[in-house]
Structure formats: C-alpha cells, structure tokens
Amino acid sequence: MVDMGAGWTESTVEVEGHDVFYRVSDPVPGALPIVHVHGFAISGAYLMPTARALAGRASNVVPDLPGYGRSANWEYTLGIPALALALLKILDALELDRVILVGNSLGCPISLEVAHAAPDRVDRIVLVSPAGGVHNQGLGRAIRQLAIDGARENRRMARVAVPDYLRFGPVNTFHLFSEMTRFPSLERLLKTPVPTLAVIGSKDPLMPPPVRVREVSRLASDHTTVALIEGAAHAINFSHPGELSHVISSWLDGREIVDDPDSPGYTRVLQLPRS
C-alpha cells in the first residue's frame, strides 16, 4: 500500500488474474464500508472529493474497475453485467462482505445490477445521476446531451476526465456509452431490493426533468428517495461534494434531507406519488 496522506492509501488487488487499483480511507469501527462506483471511460479519481467528505463516517473504497484508470485491461471491454460481476469479485478480494454502494452515471446501473444479483451484499445504494433509458435514446441524442453537459461541468473536471477518456479509447467509449443509454435505469430503480437514494442535478442534460422522474417513480417502493440538487450537472460527486455528502449522510442517518448552507447548490427532496 502507498500512503496518500490524510488517512488514505492506495494499492492493488488481483481479480481474475488482473491487477485492480483502488483507493481506501482509514477504517471506522462499526461502520459499513462505502464503495464508490465510477462512470464510463473514466477512473474513480473524480469521485474522490465526495469520498473524502464521507471518510469520517466509514471506510471509503474507490476502485478503478477493470480496464479503467490505473487498473489492468482485460482481454475485452466489459459490459454492464460483466462490470457488476467484476465489482462483486473486487468486494470478495477486499473481504468486504456487506457494503453501501455510491454510483455515478454508468456506476448506477452497475450498482443496481450488483444489488439485484447479491442483495445480501448490499445494505443500501446511492444512485447519483442514474443515466440510461428512454430519455437518452437514440445514441445521437445521448451524445448531444453529453456534449451539453461537458460545457456545464466544473472546468477542473477536464483535467481528470480527458486523460482517462484517451486511455479508454473512442471505440470502447462508443460501445459502452451505447449500452448505458439502453439500460432502463429509472425502471430498474423501481424494483431495487434494497433501500435506494437517487440524486439528480437540475442542470444535468442526461437526466429527465423532475416531472418525468415523479411520473416514472409513481410505483416506487417506500424505501426509494429522490433528491434534486439545484445547479448541479452530471458529475455531482466532483462538482458538489459537500452538498452530496450532506445528502448521503442525512439519508444514511435517517435524518430529514435539507440543504447544506455551507455548500454550493440547493437540495430539495422530490415527493414521489405512490400507487
């Protein structure tokens, strides 16, 4: 392990004969680990602002999934089901029996797949900007949405994202992005077997408007909560770590989710109609 300072270390673990890179904060006795799951074509580096903000309440683990960031490439590009299986194997290798998953973008369908495949391993999931489904179809529309989002993100995000995108490659990016747009994230959310928090940004062009979220979520179970952060785009984990970590902590603690006056953005909970 390499000491990153401020209570963080980085290391690798072997999965299916390949090295998987991860970052981990110091353990917190009695707290379930929080595992952060990154989006397509990018490493877990951009998730670190929120992970650092949550490090005081639990051990936070931020892996680079196989073929991403500093993790070794596999023989082929893994799709969503294969990435979910790989994440389960990473949890096994790290001896994490039960965790809280915090996904962003592509990390949301991956987290949903893990929760459906192994609900005994997942205590709760947080879906930050759960892209996928009708709002992102067809592919041309999704690409335009992504371009719009790029102009709305924090400019510092480019320094993290561009090297990762170049390493992942345009062909892999195209195929996996296409798969993500076809994944029915909101509909899948309705059937999640574990308590779930979805967090969306008001300026995220990849997300449907709040009225559509309410419409699709009318059949959601009582253990589903949706929060909206005004002023946030798609990569909320990077741009609004204070507000996001406050929302996550409030939800995990069973407290009312209200705005954090010390952080950019303004949070409100979307009241979901129940059938």
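# Notebook: a predicted protein chain

**Entry 1. The whole chain.** I began with the surface: the protein chain exposes about 11,600 Å², and carbon and sulfur atoms supply 54% of that area. I note here that the model is predicted. I then looked up the secondary structure and found 10 helices and 10 strands in the protein chain. The chain has 275 residues, of which 56% count as buried. I also looked up contacts with a separation of 6 or more, and residues 24 or more positions apart account for 75% of them.

**Entry 2. The nonpolar cores.** I asked which residues of the largest nonpolar core touch the most other members. This core has 48 residues, and the answer is Leu-101, Leu-106 and Ile-110. Helix H2, residues 80-93, gives the most to this core, with 8 residues. Another core, of 19 residues, lies apart from the largest one, and its members include Ala-58, Val-126, Leu-244 and Ile-257.

**Entry 3. Helix H3.** I asked how many of the 11 residues of helix H3 are buried. The count is 9 in this helix, which spans residues 107-117, so H3 is largely enclosed by the rest of the structure. The buried residues include Gly-107, Ile-110, Leu-112, Glu-113 and Ala-115.

**Entry 4. Thr-192.** I next looked up Thr-192, which lies in the loop between helix H7 (185-189) and strand E8 (196-201). Is Thr-192 buried or exposed? Its relative accessibility is 5%, and because buried means under 20%, Thr-192 counts as buried. Not counting residues up to four places away in sequence, Thr-192 touches Leu-112, Ala-115, His-116, Ile-125 and His-223. Thr-192 and Leu-112 are 80 residues apart along the chain, yet their C-alpha atoms are separated by 6.9 Å. I also found a polar contact between the side chains of Thr-192 and Thr-196, at 3.3 Å.

Entry 5. I placed Arg-121 in the loop between H3 and strand E7 (122-128). Arg-121 counts as buried, at 14% relative accessibility. Leaving aside neighbours within four places in sequence, I found Arg-121 in contact with Leu-88, Leu-91, Asp-92, Leu-96, Asp-97, Arg-98 and Val-99. A search of the whole structure for aromatic pairs found 0.

Entry 6. Most residues other than glycine have a negative phi. Glu-16 has a phi near 55° and is not a glycine. Glu-16 is in the loop between strand E2 (8-15) and strand E3 (18-25), and at 49% relative accessibility it counts as partly exposed. Ser-129, also not a glycine, has a positive phi of about 60°. Ser-129 is in the loop between E7 and helix H4 (139-152). At 0% relative accessibility, Ser-129 counts as buried.

Definitions and conventions. Residues numbered from 1 in each chain as written. Predicted model: local features only at pLDDT ≥ 70, side-chain atom pairs only at ≥ 80, totals over all residues. Heavy atoms only, no water. Buried < 20%, exposed > 50% of the residue type's maximum accessible area, 1.4 Å probe, protein only. Helix = DSSP H or I, 4+ residues; strand = E, 2+ residues; numbered from the N terminus. Contact = heavy atoms within 4.5 Å. Polar contact = N/O pair within 3.5 Å; in protein donor to acceptor, adjacent residues only side chain to side chain. Areas by Shrake-Rupley, 256 points an atom, 1.4 Å probe, with all protein chains shown as cover. Core = buried A, V, L, I, M, F, W, Y, C linked by side-chain atoms within 4.5 Å. Phe/Tyr/Trp six-rings, centres within 6.5 Å; stacked < 30°, edge-to-face > 60°.
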